[in-house]
Amino acid sequence: MEPLKGFRLCLISILLFLTTLITQTLSSTEFDDSEYKDWESYTDHIPNSILTYGSEMEEEAEWQMVQKKGNQFIVNEQPFYVNGFNTYWLMVFAADESTRGKVTDVFKRASSVGMTVCRTWAFNDGQWRALQKAPSLYDEQVFKALDFVVSEAKKYRIRLILSLVNNWESYGGKAQYVKWGNAAGLNLTSDDEFFSHPTLRGYYKDHVKMVLNRVNTFTNITYKEDPTIFAWELMNEPRCTSDSSGDKLQEWIKEMAFYVKSVDPKHLVEIGLEGFYGPSTPQRFQFNPNSYAQLVGTDFIRNHQVLGVDFASVHIYPDSWISQSVGDSHIPFVKSWMEAHIEDAEKYLGMPVVFGEFGVSAKDPGYNSTYRDTLINTVYKTILNSTKKGGSGAGSLLWQLFPDGTDYMDDGYAIVLSKAPSTSTMIALQSTRLALFNSLCSQRCHWSCKKKKSTISG
């Protein structure tokens, strides 16, 4: 027998043994702190070559699109659970030779702790270093910067969720589209007309078409054909406060999800929602962080039942939604907020849910790094409690990861791994756990998942 073949057969035998062992170990009980430590000591005894076997297999195989199968993501017919991060400013930094190296630094750092997905902006509308200077008028140098971001991500085996416009004024957002409309003589009075006016909807569609059909100048691969792109995000944190019924935003989501899929049927699509429950599900209002959340024009379950939306998005900011002062009530909220959305994704949506932003600001009264680690730990444990059951909790993305030397960009939420060793260790451990699931859990292995089928009016 060839030595290499013998090694592979031995490795397969070990993997099969571990599959059985872990299936037995991961019972229906939740992780508590002691179980979390037990799991840590358990994985410490597993060779790193086994823990990274799945990613190595994908490196040897063709770099393929992430797909959705039921309530799981899959790549090469293997589950793909996500431990990732946000760094929104990558394109702008890549546009300047003096800061371009920071893009590489972010990906290198993230890769070193096993992170596999980054969420970042594929927009900058009418601002400094704008990608889109006016409707359908683009700065080629900034577009080449986005090309660099995509090509550099692939080098570090990191996939990208690319957001296509902002709800907020930062980087232009819907307010800039309204300014462009008024400059064209439309006489618009509300930023929410972004969602309803046909001219502005047309501007957005033109941007979608331009980005999705872009041919990367570094790789010569069209964006809509590039597996490096994990998913398209319709908008960062859409809200339509002028219509608390949610109808205006719902129609926009329907139109734009369909349009993105018509241009690019291969990639996954998500909305970019914060996750607030709206008028279609008053029984879920109890899980909202405050009473205002039900009035912002979003509707978590109804919005995600739209044709063309592949997975659910939820954000987690108790320090913005409950109280700025860090308090004991924040952690139970995080857990119940996540569990409610995982349950909805399983029962009513039949899709994965990604917690696309979560964090805590160092500027908050009462903040300390121990609390931040507790919050991150809570998010990670809740994901694992779903993962081990074959549930819809598909992953999470920290807000936000920074490289060294970018402190001047910090909004309070930045995590610099070299300055946060305990956080870095926690992130690496979560990556290891999820890599183990990705490697060992084939489509024949559904853990203890018994997916319920139900319907809910929308």
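Start by selecting C118: this cysteine is buried, at a relative accessible area of 0%. Keep in mind as you click around that you're looking at a predicted model.

Select residues 67-69, 72-75 and 78-79, which are β1, β2 and β3. They make an open, antiparallel sheet of three strands, ordered β1-β2-β3. Why does one side of β1 and of β3 lack a neighbour in the sheet? Both stand at the edges and have a single partner strand each, so one side is left without a neighbour there. Zoom in on the β1 and β2 pair: they run antiparallel and are joined by three bridges. To see which residues face each other, pick Q67 and look across to I74 in β2.

Now for the largest nonpolar core, which has 108 residues. Show F107, Y204, L234 and W252, the members that touch the most others in that core. Then highlight helix α14, residues 330-349: its nine residues are the largest share of this core.

Stay with L234 and display its contacts. Leaving out residues up to four places away in sequence, L234 touches L164, V165, Y204, W252, I253, M256, A257, V260, V269, E270 and I271.

Conventions: Residues are numbered from 1 along each chain as its sequence is written. This is a predicted model: local features need pLDDT of at least 70, side-chain atom pairs count only at pLDDT 80 or more; totals for chains, interfaces and linings use all residues. Side-chain values use heavy atoms; hydrogens and water are left out. Buried means under 20% relative accessible area, exposed over 50%, partly exposed in between (1.4 Å probe, protein chains only). Two strands pair if DSSP finds at least two bridges between them. Helices (H or I, at least four residues) and strands (E, at least two) are DSSP runs, numbered from the N terminus. A nonpolar core is a set of buried Ala, Val, Leu, Ile, Met, Phe, Trp, Tyr and Cys residues joined through side-chain atoms within 4.5 Å. Contact means heavy atoms within 4.5 Å.
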